[in-house]
Amino acid sequence: MRKSIPIHYCTYCGYKVTITVPEGDNRERHVCLECGHIQYRNPKIVSGCIVVHEEKILLCKRAIEPRMGYWTIPAGFLETGETVEEGATRETWEEARASVTDVHLYQIYNMPRIAQIYMIYRSQLDNPQGFGPGPESLEVRLVDESAIPWDEMAFTVINKTLERYLDERRNGVFTIAVDSL
C-alpha cells in the first residue's frame, strides 16, 4: 500500500492529532487531542470520458504532472458539488475543450493501492471541429485504433479501459464493468 502523507493538525481547530481507534470504530483514524474531531481519509474519485467520433478516440497529451507529455483520455478528480457524470463532462471540456453527448457509464476501477476510484464514461463528440488543448493538455487528437500511442499512454488504468472498449466495439456490445488494479 502507498504510504500516505501524515496528518499532524486538526482541520477543525488546529490542535495536534493522534492516530487511534475511536470509540465505536474498527480502524485507526486521525483524532484531534483537543476537540475530538475525527479526520477521515477517503479515496479520491477520478471521472473521465472515452470520447468517440466516427470510430476515432479523443486523446490528450498531458501538460501537467504526473506523467506530463504522455497521452490519456480526458479525466480528473471529481469536484465537490458535482455528479460523477458532470465531473467527466467538465474534465472533457477542461482538458480537450470538447462537448460530449450520449454519455454512459462504462468502467469502474477500484484502485485501493493509491486510494482512487476511476469512473469512466463512453460518449460521443458533440462537434468534430470543436476541440483543442485546454490548460492541462499540450495537444489533443482524434485517433483511430491503429494510431493509439500505447507505449506513450500515461496510466495503466486507461490502457486497460481502452483495450476493453476496443474489444467490445468490435463485438458491438458494450457492458458496464467493475474491476480492480
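The chain holds two helices and eleven strands, where helices are DSSP runs of H or I with at least four residues, strands are E runs of at least two, and both are numbered from the N terminus. This is a predicted model, in which local features need pLDDT of at least 70 and side-chain atom pairs count only at pLDDT 80 or more, while totals for chains, interfaces and linings use all residues. Residues are numbered from 1 along each chain as its sequence is written, and side-chain values use heavy atoms, with hydrogens and water left out.

Reading from the N terminus, the elements go β-β-β-β-β-β-β-α-β-β-β-α-β. The C-alpha trace spans about 60 × 35 × 30 Å along its principal axes. Of the 181 residues, 40% count as buried, meaning under 20% relative accessible area with a 1.4 Å probe and protein chains only (exposed is over 50%, partly exposed in between). Among contacts (heavy atoms within 4.5 Å) with a separation of 6 or more, 60% come from residues 24 or more positions apart.

Now for the charges: there are 20 positive and 26 negative side chains, and the centres of the two sets lie 6 Å apart. Lys and Arg count as positive, Asp and Glu as negative, with His and the chain ends not counted; each charge is placed at NZ of Lys, CZ of Arg, CG of Asp or CD of Glu.

On to the strands, which pair if DSSP finds at least two bridges between them. β1, β2 and β3 make an open sheet in that order, with antiparallel pairing. Its edge strands, β1 (17-20) and β3 (38-39), each pair on one side only. β1 and β2 (residues 29-32) share four bridges, and Ile19 sits opposite His30 in β2.

Strand β5 (residues 56-62) has five of its seven residues buried, so it is largely enclosed by the rest of the structure. Here are its pairings:

| Partner of β5 | Bridges and sense | Facing residues |
|---|---|---|
| β4 (residues 44-53) | two, antiparallel | Lys56 with His53 |
| β10 (residues 137-143) | six, antiparallel | Ile57 with Val143 |
| β6 (residues 71-72) | two, antiparallel | Cys60 with Thr72 |

β4 and β5 also form a hairpin with two residues between them, and Glu54 in that turn has a positive phi of about 45 degrees.
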